[in-house]
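This report describes selected features of one predicted model. Please view the sequence and the structure before reading on.

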Amino acid sequence: MSHYFETPTGPEQRRSVGVRFWETDWTFTTANGVFSGDGLDLGTGVLLRTHSPAPGARRLLDLGCGYGPIAVGLAVACPEAQVDAVDVNTRALDLTRTNADAHGVGGRVNALLPDEVDPGVRYDEIWSNPPIRIGKEALHDLLLAWLARLTPTGVARLVVGRNLGADSLQRWLIDQGWSCERTASAKGFRVFEVTRPTPS
């Protein structure tokens, strides 16, 4: 059976969904075989309802972009920013490109496989509904790799289900030397802001 963490092999069935966040109504093209292809999942909805990007952000990352609602929203909200939208599912990346073009930000949303990202890029902000179900070890490796790409003053915003280990993940991030503050909680989800610790 195809899983949205992998590129599906079956025929693609595209459809449109309407969602609302940041006081804007959005229409996105989705398809089978991608994360939350029927709309905006609850966790991402909590993240977007409770946080917005800094106006001065210039380089942003949507980690695990799916069909691209976060990446497109970030690019629209930050008209001078470049947004990297990263996923391992090439169908999701194709949909992200389609949605970025439809909202007039195709030139600033870069839909990429992880290995295609310039290793020298550093991000002002990282946004993610991380793939908890890939397993704890794989998740930890993924987060450490990408959090290391924050600028010295950068912030990562992660939304994690409470019943999927949000609180233990927060403790683990702190144990790894990161500052991790819970900044919102709703509908069974926690939102964390992760930053580099302030030098003492």
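The lining of the largest cavity is made up of six nonpolar, six polar and two charged residues. In this predicted model, 14 residues line that cavity, and those that lie nearest its centre are Phe 35, Thr 44, Gly 64, Cys 65 and Pro 69. The space within the largest cavity is about 120 Å³. The structure holds one cavity of 30 Å³ or more.

An open space may be considered next. The second largest pocket has a volume of about 150 Å³. Its lining includes Ile 132, Gly 135, Lys 136, Leu 139 and His 140, and it also includes Val 160, Leu 164, Gly 165, Ala 166, Ser 168, Leu 169 and Trp 172. Two elements, α4 and α5, each give two or more residues to this lining. The largest share, four residues, comes from α5.

| Space | Volume | Nonpolar lining residues | Polar lining residues | Charged lining residues |
|---|---|---|---|---|
| Second largest pocket | about 150 Å³ | seven | four | one |

The two helices that contribute to the pocket lining also meet each other. Helix α4 covers residues 136-147 and helix α5 covers residues 166-175. Their axes come within 12 Å and cross at roughly 50°. The crossing in which α4 passes α5 is right-handed.

Which residues in α4 and α5 meet? From α4 come Leu 139, His 140, Leu 143, Leu 144 and Leu 147, and from α5 come Leu 169, Trp 172 and Leu 173. The residues of this contact comprise seven nonpolar, one polar and no charged. Among the contact residues, Leu 139 and His 140 of α4 and Leu 169 and Trp 172 of α5 also line the second largest pocket.

Most residues other than glycine have a negative phi. Trp 22, however, has a positive phi near 50° and is not a glycine. Trp 22 is placed in the loop between β1 (14-21) and β2 (24-31). Glu 23 lies in the loop between β1 and β2 as well. The phi of Glu 23 is also positive, at about 60°, although Glu 23 is not a glycine.

Note on methods
Residues are numbered from 1 along each chain as its sequence is written. This is a predicted model: local features need pLDDT of at least 70, side-chain atom pairs count only at pLDDT 80 or more; totals for chains, interfaces and linings use all residues. Side-chain values use heavy atoms; hydrogens and water are left out. Axes are lines fitted to C-alpha atoms, for helices over the stretch in contact, and angles run from 0 to 180 degrees between N-to-C directions. A crossing is left-handed if the near helix is turned anticlockwise from the far one by less than a right angle, and right-handed if clockwise. Contact means heavy atoms within 4.5 Å. Ala, Val, Leu, Ile, Met, Phe, Trp, Tyr, Cys and Pro count as nonpolar, Asp, Glu, Lys and Arg as charged, and the others, Gly among them, as polar. On a 1 Å grid over the protein atoms alone, a cavity is a set of points where a 1.4 Å probe fits but cannot get out, and a pocket is an open set with protein on both sides within 12 Å along at least five of seven lines; lining residues have an atom within 4 Å of a point. Grid points are joined across faces, edges and corners, and a volume is the space filled by probe spheres set on the points.
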